[in-house]
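Notebook open, new model loaded. I want to go through the helix packing, the core and a couple of loop residues.

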Amino acid sequence: MIDRDTPVYVISVAAELAGMHAQTLRQYDRLGLVTPSRTRGGGRRYSARDVDRLREVQRLSSEGVSLAGIQRILDLETQVEAMRARLAELTAENHALREAVGRSQRVFAAGRTGEVVALRAGTRPRGTSASTALTLWRPQGWPFDD
C-alpha cells in the first residue's frame with residue numbers, strides 16, 4: 001500500500017488531479033508553495049499530500065489570498081501540525097511517567113548512618129535503639145565548667 005507521502009505522480013497527472021495547469025505547478029514549485037520530490041534526472045514527482053496541498057493553494061487563491069499570504073498560511077499550518085505532534089508525544093510521556101510513579105512501591109529515606117535507603121511506602125527506617133538519652137556537648141573552656 002502506498003502512503004500519502006510517497007511521490008508517485010508525474011507533473012501532468014498531479015496537475016490533472018489538482019485541476020490545474022502543469023505550468024502553475026512549476027510556478028508553485030519555484031515559489032516554494034509545493035515542493036515535490038525529484039527523480040535522479042530532475043523530474044518532479046508529487047505525492048497525494050502534495051496534490052492536497054495544491055488544492056489548498058488553489059482554494060486560498062480563489063478566495064483572493066495572495067501567494068505570499070498563502071505561503072504564510074501554509075507555513076503556520078505546518079508549525080501547528082508539528083506542535084500538535086509534539087504535544088501528543090509529551091502527553092503520552094507524561095501519562096507513562098504518572099503511571100510509573102503510581103506503581104512505584106518504594107520511597108527513599110536516610111538510613112542510620114546517613115545513606116539513602118529504599119523503603120516500602122508507609123514504613124520508616126529502623127532506628128539504632130529505643131533510647132531517649134540526651135548527650136550534651138560542651139566546648140572546652142565553657143564558662144560554667146568547674
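My entries on this model follow.

**Ground rules.** I'm working on a predicted model, where local features need pLDDT of at least 70, side-chain atom pairs count only at pLDDT 80 or more, and totals for chains, interfaces and linings use all residues. Residues are numbered from 1 along each chain as its sequence is written, and side-chain values use heavy atoms, with hydrogens and water left out.

**α1 and α2.** I looked up how helix α1 (residues 11-18) meets helix α2 (residues 22-31): the angle is about 100° and the axes are 8 Å apart. Helices here are DSSP runs (H or I, at least four residues) and strands likewise (E, at least two), numbered from the N terminus. Axes are lines fitted to C-alpha atoms, for helices over the stretch in contact, with angles from 0 to 180 degrees between N-to-C directions. That makes α1 roughly perpendicular to α2 (65 to 115 degrees). On the α1 side I found Ile11, Ala14 and Ala15 making the contact, and on the α2 side Ala22, Leu25 and Arg26; contact means heavy atoms within 4.5 Å.

Buried is under 20% relative accessible area (1.4 Å probe, protein chains only). The core has 17 residues, and Leu25, Tyr46, Leu54 and Val57 touch the most other members. At least two residues come from each of α1, α2, α3 (48-62) and α4 (67-103). Leaving out residues up to four places away in sequence, Leu54 touches Ala18, Met20, Leu25, Tyr28, Val34 and Tyr46.

**α3.** I then followed α3, which has 15 residues and reaches 21 Å from first C-alpha to last, close to the 21 Å expected at 1.5 Å a residue (1.5 Å times one less than the number of residues). Its buried residues are Ala48, Asp50, Val51, Leu54, Val57 and Leu60, and they pack against α1, α2, β2 (44-45) and α4. Just after α3, Gly64 has a positive phi of about 95°.

**Two loop residues.** Which residues does Ser47 touch, not counting those up to four places away in sequence? I get Arg4, Asp5, Thr6, Pro7 and Tyr9. Ser47 sits in the loop between β2 and α3 and is buried, at 4% relative accessible area. Pro36, in the loop between α2 and β1 (37-38), is buried too, at 6%. Beyond its neighbours within four places in sequence, Pro36 contacts Asp29, Arg44, Arg45, Tyr46 and Asp50.

Definitions and conventions: Angles under 35 degrees count as roughly parallel, over 145 as roughly antiparallel, 65 to 115 as roughly perpendicular and the rest as oblique. A nonpolar core is a set of buried Ala, Val, Leu, Ile, Met, Phe, Trp, Tyr and Cys residues joined through side-chain atoms within 4.5 Å. Buried means under 20% relative accessible area, exposed over 50%, partly exposed in between (1.4 Å probe, protein chains only).
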